[in-house]
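This report is for a reader who is meeting the structure for the first time. Please look over the sequence and the model shown here before reading on.

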Amino acid sequence: MILILTNHDDEHANHIARKLDERGAEVVRFNPADFPAGAEISLSSAGGGFATTLRSGDTCIDLGRVTAAWYRRPEPPIPAPTITDPTMHRYVTEECRAFVQDLWASLRCVWLPGPPSVIREAQHKASQLRVAQELGFELPPTLVTNSPADFRDFYRQHNGNVISKLAGTAFFNVSGTTYCRYTEIVSPRDVGYSHAVRHAPVIFQAYVPKRVELRITVVADQVFAAEIHSQATNHTRHDWRRYDLEQTPHQPHELPDEVARRCVRLVKTLGLQYGAIDMILTPDGRYVFIEINPNGQYLWIEELTGLPISDALCDLLMSTADVQGVAA
């Protein structure tokens, strides 16, 4: 059985679930936001074994049969709307969150992109950079700081050719509204407000000239590299996530063998089976590592380039499920 943990509107999960169904795989999908108000979970120990049951609607699932799980875009548990007291609401939220994290850790299955705890660790940007450097990737000169003085020194060292981005995730939610902070060029005006850096750490990097940007999707030992011609339009010049797809050509890219092997080693070193790596190919032919997203999106790359990433994901989920099923 393959378990997909994600929200109800996840197009990537919809796509993979359809492909797995066409292959005859047994697939179960669950969003932890449905727990506890819309779902019941029981974990019991007796007779030297564990039993874990998930009931959602009319469906009863034996989680002990799960052999592969895809931790896609799950939402955290949401208490029943009848719990209106703020203190009790926070208590129930934290209890349910801790329980489901414990539950996923107890499952003896293969995880894609990796176990939830490993995914959380792999998202740390400073740690990513250290591992990437140790594996031989070229990195842009980088400063992560909340020191205004250190920021100004870094800015001067690189003659003002500096970008900034968030030290945590670029996307964050406040009261139900999602905000995004893109990579931005640091302007002289920004330097005038450098004192604001004191309130929260920021990542600063020396600007790297771009021939193209690369989105490199690794699935186990397979590497799918795509060129994003972000310099073709001003809208995406500094951050392709501003998406101007009609004006931004995408095409497959053939990585040098050593760069491809290094990408696989990076994903495995981080304890993952999947990773979406962002790199820059400079005008003089250097491959510069920017970051890795352990659970990054890929479907638009597949649709624009024809790279068979979904097939590789399905192969991995089904092959690991078969292996685990035999081992069990």
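## A sheet and its helix

Strand E17, residues 274–281, pairs with E18 in the antiparallel sense over six bridges, where helices (H or I, at least four residues) and strands (E, at least two) are DSSP runs numbered from the N terminus, and two strands pair if DSSP finds at least two bridges between them. Within this pairing, Ala 276 has Asn 293 of E18 as its bridge partner. The model is a predicted one, in which local features need pLDDT of at least 70 and side-chain atom pairs count only at pLDDT 80 or more, while totals for chains, interfaces and linings use all residues. Residues are numbered from 1 along each chain as its sequence is written, and side-chain values use heavy atoms, with hydrogens and water left out.

The two strands belong to an open sheet of five strands, in the order E16-E15-E14-E17-E18, with antiparallel pairing. Strand E16 (250–252) and strand E18 (287–293) are at the edges and have a single partner strand each, so one side of each is left without a neighbour in the sheet. On average, neighbouring strands of this sheet are turned by 25° against each other, direction ignored. Helix H7 (residues 257–269) packs on the sheet and touches strand E14 (212–219), strand E15 (222–228), E17 and E18, and its direction makes about 140° with that of E17. Contact here means heavy atoms within 4.5 Å, and axes are lines fitted to C-alpha atoms, for helices over the stretch in contact, with angles from 0 to 180 degrees between N-to-C directions.

## Buried and exposed residues

A residue is called buried under 20% relative accessible area, exposed over 50% and partly exposed in between (1.4 Å probe, protein chains only). The table gives the values for some single residues.

| Residue | Relative accessible area | State |
|---|---|---|
| Arg 215 | 5% | buried |
| Cys 109 | 12% | buried |
| Cys 314 | 0% | buried |
| Glu 303 | 63% | exposed |

Arg 215 is found in strand E14, and its side chain makes a polar contact of 2.9 Å with the side chain of Asp 278; such a contact is a pair of N or O atoms within 3.5 Å, and within protein one must be able to donate a hydrogen and the other to accept it, while residues adjacent in sequence count only if both atoms are side-chain atoms. Glu 303 has its place in helix H8 (residues 299–305). A search of the whole structure finds zero disulfides, a disulfide being a pair of cysteine sulfur atoms within 2.5 Å.

In helix H4 (residues 125–134), the residues Lys 125, Gln 128, Leu 129, Val 131 and Ala 132 are buried. Seen down the axis of H4, these buried residues fall within an arc of 170°, so they line one face of the helix, the arc being that of the directions from the helix axis to the C-beta atoms. The face turned away from this buried side carries the exposed residues Ala 126, Arg 130, Gln 133 and Glu 134.

Among the elements against which the buried residues of H4 pack are strand E8 (142–145), strand E9 (162–166) and strand E13 (202–206). Five of the five residues of E13 are buried, so this strand is largely enclosed by the rest of the structure. E13 pairs with E8 in the antiparallel sense over four bridges, and five bridges join E13 to E9, also running antiparallel.
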